[in-house]
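Colleague: Please put the model up, and then let us go through it slowly, one piece at a time.
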Amino acid sequence: MQIHYDASSEQLLVMLSGEIDHHTSIPLRTEIDTEIYAHMPGILILDFGDVTFMDSSGIGLIMGRYKILHPMGGELILQNPSSYLNRMLRMAGMDRLAEIRTITNQEALS
Amino acid sequence: MKITNEFKCVFPAVSSNESLARAALSAFLIPADPSAQELADLRTVISEAVTNAIVHGYRNSTGLISICLRMLPDRVLYIRVSDKGCGIPDIEQAMTPLYTTAPEEERAGLGFAIMQEFTDKLHVRSSVGNGTTLTMRRRLGQIHAEED
């Protein structure tokens, strides 16, 4: 996982990777929250481009971060889910909590 | 019940074994050549079942989880996941989407909903103090030459 904070846009970008399950979500949660409380971002972007597996523990991870951000007026963006992950996110109603978007490498660099 | 192939394993209910259960299922399914979607669905299903046993069945305790995988005729996959943990007092309530007894651990309460969505049949047998057994079936589609 890589985390990058951009102060000018107040965006915290979290590049998730590998498998997200109950076992791996526990340290992820701690690491992401440390960054959230350090920067109080206006926007948290969770990027799933390199995520190869996710079960409902990942949904718990998203809901938990939403619950922290929402009272601070922060916004959550779920970025680059695979078609499989996209189905899971929509099944779990995550599209009601967050924007789900796909961006190309070109857009990511600009 | 005619069985084409069968695999059984028993392992301690620790969270690092969630990926082991998925790997076992993936390996078992290789000869059946499932589609990418089927494989992803079924890996999620077994991950949810094993996580439930660890988080809820053996909550505040330890024990063993048993898995039995069977390939039945007509490409029907049978999955059984059992624990000897605390059991479920109210199965209907446990299966309600978003209901969870472990909100502090950020459980979404979607495990059963996902297992139901991704299988054709799901059966829960549970006895308080004695454990829980989930059995699921999913019929795989015909073998495809090429998938995305």
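Modeller: Let me begin with the words helix and strand: helices (H or I, at least four residues) and strands (E, at least two) are DSSP runs, and they are numbered from the N terminus. What you see is a predicted model, in which local features need pLDDT of at least 70 and side-chain atom pairs count only at pLDDT 80 or more, while totals for chains, interfaces and linings use all residues. Residues are numbered from 1 along each chain as its sequence is written, and chains are lettered from A and ligands numbered from 1 in the order in which they are written.

Colleague: OK, start with α1(A): what comes after it?
Modeller: α1(A) is followed by A:M40, and the phi of A:M40 is positive, near 45°.

Colleague: And how far apart are the end C-alpha atoms of that helix?
Modeller: They are 26 Å apart, which agrees with the 26 Å that the 18 residues of α1(A) (residues 22-39) should span at 1.5 Å a residue. The expected span of a helix is 1.5 Å times one less than its number of residues.

Colleague: Which residues of α1(A) are buried?
Modeller: A residue is buried if 20 or more other C-beta atoms, placed from the backbone, lie within 10 Å of its own, exposed if 12 or fewer, and partly exposed in between. In α1(A), the buried ones are A:H22, A:T24, A:S25, A:I32 and A:I36. These buried residues pack against β2 (11-20), β3 (43-54) and α2 (56-69) of chain A, together with α1 and α2 of chain B.

Colleague: What about α2(A), how many of its residues are buried?
Modeller: Ten of its 14 residues are buried, so α2(A) is largely enclosed by the rest of the structure. Among them are A:G58, A:I59, A:L61 and A:R65. The cover over the buried residues of α2(A) includes β2, α1, β3 and β4 (75-79) of chain A, together with α2 and α4 of chain B.

Colleague: So both chains turn up there; how many residues does each chain bring to the contact?
Modeller: Chain B brings 20 residues and chain A brings 17, where two residues are in contact if their C-beta atoms, placed from the backbone, lie within 7 Å. On the side of chain B that touches chain A, α1 (17-29), α2 (36-57) and α4 (111-117) of chain B each supply at least two residues. With nine residues, α2(B) gives the most to that side.

Colleague: α2(B) interests me, so at what angle do α1(B) and α2(B) pack?
Modeller: The angle is about 145°, and the axes of α1(B) and α2(B) are 9 Å apart. Here axes are lines fitted to C-alpha atoms, for helices over the stretch in contact, and angles run from 0 to 180 degrees between N-to-C directions. The residues of α1(B) that meet α2(B) include B:L25 and B:L29, and those of α2(B) that meet α1(B) include B:I46 and B:V50.

Colleague: Which residues touch the most other members of the largest nonpolar core?
Modeller: Of the 55 residues in that core, B:I46 and B:V81 do. α2(B) gives the most to this core, with ten residues. A nonpolar core is a set of buried Ala, Val, Leu, Ile, Met, Phe, Trp, Tyr and Cys residues joined through C-beta atoms within 7 Å. Leaving aside neighbours within four places in sequence, B:V81 is in contact with residues including B:I46, B:A49 and B:L134.

Colleague: Now the loops: where does B:D33 sit?
Modeller: B:D33 is in the loop between α1 and α2 of chain B, and B:D33 has a positive phi of about 50° although it is not a glycine. With 15 other C-beta atoms within 10 Å, B:D33 is partly exposed.

Colleague: And B:N60, buried or exposed?
Modeller: B:N60 counts as exposed, with 6 C-beta neighbours inside 10 Å. B:N60 lies in the loop between α2 and β2 (64-72) of chain B, and its phi is near 60°, a positive value in a residue other than glycine.

Colleague: Last one, what about B:T100, buried or exposed?
Modeller: B:T100 is buried, with 20 other C-beta atoms within 10 Å, although its place is in a loop, between α3 (91-94) and α4 of chain B. Leaving aside its neighbours within four places in sequence, B:T100 is in contact with B:R107 and B:G109.
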